[in-house]
Amino acid sequence: MPEGLRLDTPQVDDGAAIWRIARDSRTLDLNSSYSYLLWCRDFAGTSVVAREEESAEPVGFITGYIRPERPRTLMVWQVAVDESQRGKGLASALLDGLTAKVGAERGIDSLETTISPDNTASQRLFTSFAERCGADVARSALFDAGLFPEEGHEPEVLYRISPLAQAS
C-alpha cells in the first residue's frame, strides 16, 4: 500500500464516499448511491477500500463478488481511486490485497472483470495483475453495445484471469 494508506473492509457508512469516488472518476458507470450502500453491506467480504490512516476516509475501492455459478471465481465489478491518490500504484495494491484476502478465505482460482475497449488504464491494471500472478488472460465479448439501453455505451469485454495459484 502507498504510504499513509491502509487496506480495509468497506462498511455501510463508506457507501457515500465510494459513490463520490465512482462519480468523480468520470470513467465508471455510476450506480445509485443506494446501490453502493447495499454493496458495502452485502458484498463487503469480497470488496476492499483504501483508507487514509489519519482520517480513515476512503480514497479508493474495489467492489467484487463471487460468481454463484463459479464459486472459485471473483468478479471485480468496479475499481476507482480518488484523484488525489492516482499515480501511486494504489489500484494495483487494492487488487493484490483483495485477491489475497478473498483467495485465503474462499480459495478462488480465477478472476473476471469487464472492460470497455477505450479503458486503457483498466486494461493495463488487469494485464499487469495477470503477469504478476503468472496467469493467463482470456478475452471475449460479454455484452455488446446494443444490449445497453443508453446510446453510445461501449461493449464490455470479459477478461478472465486464471489460474490464480498465489490467491488460493
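Gln123 touches Ile115, Ser116, Pro117, Asp118 and Tyr159, leaving aside residues up to four places away in sequence; contact here means heavy atoms within 4.5 Å. This is a predicted model, in which local features need pLDDT of at least 70, side-chain atom pairs count only at pLDDT 80 or more, and totals for chains, interfaces and linings use all residues. Residues are numbered from 1 along each chain as its sequence is written, and side-chain values use heavy atoms, with hydrogens and water left out.

**Around Gln123**
- Gln123 sits in helix H4 (residues 120-133); helices (H or I, at least four residues) and strands (E, at least two) are DSSP runs, numbered from the N terminus.
- A polar atom of the Gln123 side chain lies 3.0 Å from the backbone oxygen of Pro117.

**Largest pocket**
- The largest pocket has a volume of about 690 Å³, the space filled by probe spheres set on grid points that are joined across faces, edges and corners.
- A pocket is found on a 1 Å grid over the protein atoms alone, as an open set of points where a 1.4 Å probe fits, with protein on both sides within 12 Å along at least five of seven lines; lining residues have an atom within 4 Å of a point.
- Its lining counts 27 residues, and Asp29, Trp77, Thr114, Ile115 and Glu156 lie nearest the centre of this largest pocket.
- At least two lining residues come from each of strand E3 (58-67), strand E4 (70-81), strand E5 (110-115), H4, strand E6 (136-143) and strand E7 (156-162), and E4 gives the most, with 5 residues.
- By class, this lining has 12 nonpolar, 9 polar and 6 charged residues, where Ala, Val, Leu, Ile, Met, Phe, Trp, Tyr, Cys and Pro count as nonpolar, Asp, Glu, Lys and Arg as charged, and the others, Gly among them, as polar.

**Second largest pocket**
- The second largest pocket holds about 460 Å³ of space.
- Around the second largest pocket are 19 lining residues, with Val79, Val81, Ala91, Ala121 and Ser122 nearest its centre.
- E4, helix H3 (90-106) and H4 each give two or more residues to this second lining, and H4 gives the most, with 4 residues.
- The lining of the second largest pocket divides into 8 nonpolar, 8 polar and 3 charged residues.

**Cysteines**
- The structure holds 0 disulfides, a disulfide being a pair of cysteine sulfur atoms within 2.5 Å.
- Cys40 counts as buried because its relative accessibility is 5%; buried means under 20% relative accessible area, exposed over 50%, and partly exposed in between (1.4 Å probe, protein chains only).
- Cys133 is buried too, with a relative accessible area of 14%.

Definitions and conventions:
A polar contact is a pair of N or O atoms within 3.5 Å; within protein, one must be able to donate a hydrogen and the other to accept it, and residues adjacent in sequence count only if both atoms are side-chain atoms.
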